[in-house]
Amino acid sequence: MRVNTSSETQILAELDARTDVRLLDSEPLSAHTTLRLGGTPRAYLRAETTAAVAECVRALDAAEVPVLVLGGGSNLVVADGSVGDSVDDGELDFVVVAVRCEAIDISPGGLVRAEAGATWDDLVARTVEAGMGGLECLSGIPGSVGATPVQNVGAYGVEVAQVLRRVRVLDRVSGKDEWLEPSELGLEYRTSKLKGNDSGLVLEVEFTLHPDGLSEPIAYRELAARLGAEQGERVPAAKAREVVLELRAGKGMVLDAGDHDTWSAGSFFTNPVVPAAEFDAVRAKVAKALGDEAAEKMPAFDVMGGGSGEAGVKLSAGWLIERAGFRKGYPGEAAPMRLSTKHTLALTNRGHARTKDLIALAREVRSGVEDAFGVTLHPEPVWVGCTLSGES
Ligand SMILES: Cc1cc2nc3c(=O)[nH]c(=O)nc-3n(C[C@H](O)[C@H](O)[C@H](O)COP(=O)(O)OP(=O)(O)OC[C@H]3O[C@@H](n4cnc5c(N)ncnc54)[C@H](O)[C@@H]3O)c2cc1C
């Protein structure tokens with residue numbers, strides 16, 4: 001499949017001649033994704049400054065060479081030789097631009113600017129050490145700063161949208177490089193205008209943090225309880241970070257190369273939002289399958305939105321998966337891909353899985369929940385060269 005044309009070869013050579021770009025050959029994406037899945041792209045460019053990242057993407061776009069912008073690879077499902085639009089040996093029909101510009105600037109007043117390739121959790125740690133609150137509940141999320149607005153990352157009752165000041169985006173259609181307000185990004189639950197399309201390249205991100213060293217109001221009940229705080233209270237950011245990291249580690253949600261439960265893309269399915277008018281039917285199915293008490297106790301929160309902008313009810317994907325009969329560790333030790341033994345919402349590679357194994361397990365879980373409760377789960381990661389339904 002390697003289809004480098006002479007113009008593509010020339011562009012790659014010109015980019016490689018820069019001091020802030022390195023061209024790597026035969027670089028499998030399984031070495032750059034937290035699921036450890038993915039074939040080998042046509043070429044892999046490591047870009048170490050914002051100018052280099054922008055130039056790599058601009059030059060390849062202008063030549064109509066397909067590009068994958070890569071951060072930490074923690075929210076990606078990539079085709080390999082087992083599935084999707086890759087041939088048997090797993091060659092992928094695009095060039096990777098790995099965003100590796102990493103500067104961070106923290107001003108005493110609470111204004112923080114970071115380049116897109118900075119490691120997210122390094123930024124969180126540095127702001128907390130500098131006595132600033134705001135990011136602590138997002139501690140331990142893998143990946144890069146630049147990807148955080150892409151899916152509006154969130155955890156423990158906080159979303160990055162709450163502390164974003166502005167985002168520097170290269171518009172890949174118009175070529176404009178400008179700072180955008182959060183209101184221009186279409187930030188919603190685990191998504192934004194930038195997710196799942198090639199419209200914009202994030203180059204830098206600014207945050208407005210609390211210089212008093214206190215956290216965002218603690219919204220998540222389990223976290224408040226562990227902190228000995230009331231819901232809504234603000235606590236020292238360093239304490240909140242410590243407890244969040246402990247809670248996350250207990251669920252296999254902090255990367256650890258020695259622990260296969262963390263070889264994942266985090267929560268694989270988003271919490272589904274069903275239209276308010278359909279909620280009673282879902283509850284009735286739960287009652288029929290599990291009894292009235294379970295139906296009463298099913299986690300359900302009224303929300304606006306879910307993509308439609310209409311009133312809906314947000315359910316817990318993890319709860320539905322477990323109640324549909326998928327236990328932690330499903331389907332068992334011999335399987336190459338299993339649910340995490342610590343958290344039913346993570347699909348994990350036990351060491352030798354292929355992308356087809358991930359897709360098979362994801363489909364099984366999704367159909368199991370659909371059959372049991374009539375609720376369709378949607379995957380959270382971005383799919384590259386393959387889809388959940390299996391075709392490319
Ligand atoms: C163990 C684990 C726990 C996780 N926990 C959470 C959690 O609590 N909350 C949560 O929200 N997520 C969580 N995630 C998912 C993931 O970490 C986040 O979505 C993260 O922000 C992805 O960052 P990344 O740099 O790895 O992006 P990648 O996986 O490299 O890319 C994801 C998408 O963003 C695009 N992208 C990356 N960088 C840029 C850029 N600079 N400009 C434009 N597009 C870009 C890519 O092209 C791709 O489409 C978890 C993942 C794992 C493995």
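Reader: Which strands does helix α2 lie across, and at about what angle does it run to β5?

Author: This is a predicted model, so let's just read what it shows. Helix α2 covers residues 50-62. It lies across β1, β2, β3 and β5, and its angle to β5 is about 150°.

Reader: In what order do the four strands sit in that open sheet?

Author: The sheet is open and its pairing is mixed. Four strands make it up, and the order is β1-β2-β5-β3.

Reader: Why is one side of β1 and of β3 left without a neighbour in the sheet?

Author: Look at β1 (21-24) and β3 (67-70). Each has a single partner strand, so one side of each has no neighbour in the sheet. That is because both stand at the edges.

Reader: By how many degrees are neighbouring strands of this sheet turned against each other on average?

Author: Direction is ignored for this one.

Reader: What about helix α1: which strands does it touch?

Author: Helix α1 spans residues 6-16 and packs on the sheet. Its direction makes about 135° with that of β1. The strands it touches are β1, β2 (40-47) and β5.

Reader: Which residue of β5 is the bridge partner of L68?

Author: Strand β5 (residues 91-99) runs parallel to β3, and four bridges join the two. For L68, the bridge partner in β5 is V96.

Reader: Now the ligand: which residues come nearest to it?

Author: There are 33 residues around the ligand. By class, that shell has 16 nonpolar, 14 polar and three charged residues. The ones that come nearest are V69, G72, S74, S144 and G154.

Reader: How far is a polar backbone atom of G154 from a nitrogen atom of the ligand?

Author: Backbone atoms come up a few times here. For G72, a polar backbone atom is 2.7 Å from an oxygen atom of the ligand. V202 has a backbone N or O atom 2.8 Å from a ligand nitrogen. For G154 and a ligand nitrogen, the distance is 2.7 Å.

Reader: Which strand gives the largest share of the shell around the ligand?

Author: β3, β8 (154-155) and β12 (200-208) each supply at least two shell residues. The largest share is three residues, and it comes from β12.

Reader: Which two residues does a cis peptide bond join?

Author: Most peptide bonds are trans. Here there's a cis one, with omega about 5°. P331 is in the loop between α8 (317-323) and β16 (337-339), and the bond joins Y330 and P331.

Note on methods: Residues numbered from 1 in each chain as written. Predicted model: local features only at pLDDT ≥ 70, side-chain atom pairs only at ≥ 80, totals over all residues. Heavy atoms only, no water. Pairing = 2+ DSSP bridges. Axes fitted to C-alpha atoms, helices over the stretch in contact; angles between N-to-C directions. Contact = heavy atoms within 4.5 Å. Near = heavy atom within 4 Å. Polar contact = N/O pair within 3.5 Å; in protein donor to acceptor, adjacent residues only side chain to side chain. Nonpolar A, V, L, I, M, F, W, Y, C, P; charged D, E, K, R; others polar.
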